[in-house]
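Biologist: I'd like to learn how to read a model like this one. Can we go through it feature by feature?

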Amino acid sequence: MNAYIITGASKGLGEALVRQIMEQDWASVLYCISRTTNDDLIDLALKKDMDLDWITYDLSDLIGLSEIVEDIMGELEARAEDIGGIYLINNAGVIGPVKTIEHIEPQALINNIHVNMIAPMILTGAFIRHTQQMEVEKRVLNISSGAAEHGYYGWSAYCSAKAGINLFTESVGLEQSYKEQGVEVLALAPGIVDTPMQAEIREASKEDFQEVDRFVAFKENGDLVHPEIVAKDVLTLLHAKVYPQGATLDLRDMEDINFDEQ
């Protein structure tokens, strides 16, 4: 049995990841963390007799995050003999506020950095702390972005947070490489995916986001990739024999990487 902890699970790529895990009928236990629930996924879990626990929580509130992981691990410790692998997917993210920095309210900036960077850091730390003695496959996948590689007009908060996640992943990967039972950590940019975040980007004004026309064209030209397709590739990577410790990868380059899938 595998155990998955997935943030931002109610929509977009997170929803697709949960759906793929259940559709493939893997013997799994799922912990979904998001601000809202997804009744379709809950119903699907009931139909498939899958073990799904939905935790409604706003990741901008950092105080209770460690306790969430502690509660999850307390449940899993009772089933430790049945667990073959445990995986944390830090998928939740917010694009807004899409504005130049002088027009961003401090609280909006704080919320962006909390969700996109600090929450994954806290969850990863708690995950490592509670799994360090477990002799099973332990992996963290941080969903990054191509926006971590260069700046976008109006995306100063988002770009900075994702760049921070990449360096955080590299640093934690280095730390864990010295551990006998270290956790494997990887960051992945999934490309341009047809999610609610993309819809939000297309609604931005050109004054706030100079490249909005290009993102509108992505949708009109059919360049956005369906979340289900991306989710399949993400899970292929998550379960590959080769999981480059501390690396940042782009899903669009996966065909050039030799992952011997399990």
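Modeller: Let's start with a pair of helices: H1 and H8 make a right-handed crossing. A crossing is right-handed if the near helix is turned clockwise from the far one by less than a right angle, and left-handed if anticlockwise. Helices (H or I, at least four residues) and strands (E, at least two) are DSSP runs, numbered from the N terminus. Keep in mind that this is a predicted model: local features need pLDDT of at least 70, and side-chain atom pairs count only at pLDDT 80 or more, while totals for chains, interfaces and linings use all residues. Residues are numbered from 1 along each chain as its sequence is written, and side-chain values use heavy atoms, with hydrogens and water left out.

Biologist: At what angle do H1 and H8 pack?

Modeller: At about 65°, with the axes of H1 (residues 12-23) and H8 (residues 227-238) 8 Å apart. Axes are lines fitted to C-alpha atoms, for helices over the stretch in contact, and angles run from 0 to 180 degrees between N-to-C directions. On the H1 side you'll find Gly12, Leu13, Ala16, Leu17, Arg19, Gln20 and Ile21, which meet Pro227, Glu228, Val230, Ala231, Lys232, Val234 and Leu235 of H8.

Biologist: Is glutamine 20 buried or exposed?

Modeller: Buried means under 20% relative accessible area, exposed over 50%, and partly exposed in between (1.4 Å probe, protein chains only). Glutamine 20 has 8%, so it counts as buried. Leaving aside neighbours within four places in sequence, glutamine 20 is in contact (heavy atoms within 4.5 Å) with Glu228, Ala231, Lys232 and Leu235.

Biologist: Which residues of H2 are buried?

Modeller: Here's the general idea: an α-helix has 3.6 residues a turn, so residues three or four places apart point the same way. In H2 (39-47), the buried ones are Leu41, Leu44 and Ala45. Their arc around the axis is only 100°, so they sit on the same side of H2; the arc is that of the directions from the helix axis to the C-beta atoms. These buried residues pack against H1 and E3. Look at the other side of H2 and you'll see Asp39, Asp40, Leu46 and Lys47 exposed.

Biologist: What about H7, which residues are buried there?

Modeller: In H7 (residues 212-220), they are Val212, Phe215 and Phe218. Those three cover an arc of only 110°, which puts them on the same side of H7. Helix H6 (196-202) is included in what covers them.

Biologist: How do the axes of H4 and H5 cross?

Modeller: H4 (residues 106-131) and H5 (residues 156-176) cross at roughly 15°, and their axes come within 9 Å. They are therefore roughly parallel: angles under 35 degrees count as that, over 145 as roughly antiparallel, 65 to 115 as roughly perpendicular and the rest as oblique. The contact includes Leu109, Ile113 and Met117 of H4, and Ile165 and Phe168 of H5.

Biologist: And how do I read the backbone?

Modeller: Most residues other than glycine have a negative phi, and most peptide bonds are trans. Aspartate 49 isn't a glycine, yet its phi is positive, about 55°. You'll find aspartate 49 in the loop between H2 and strand E3 (51-56), exposed at 70% relative accessible area.

Biologist: Which peptide bond is cis?

Modeller: The one from glycine 96 to proline 97, with omega near 5°. Proline 97 is in the loop between strand E4 (85-90) and H4.
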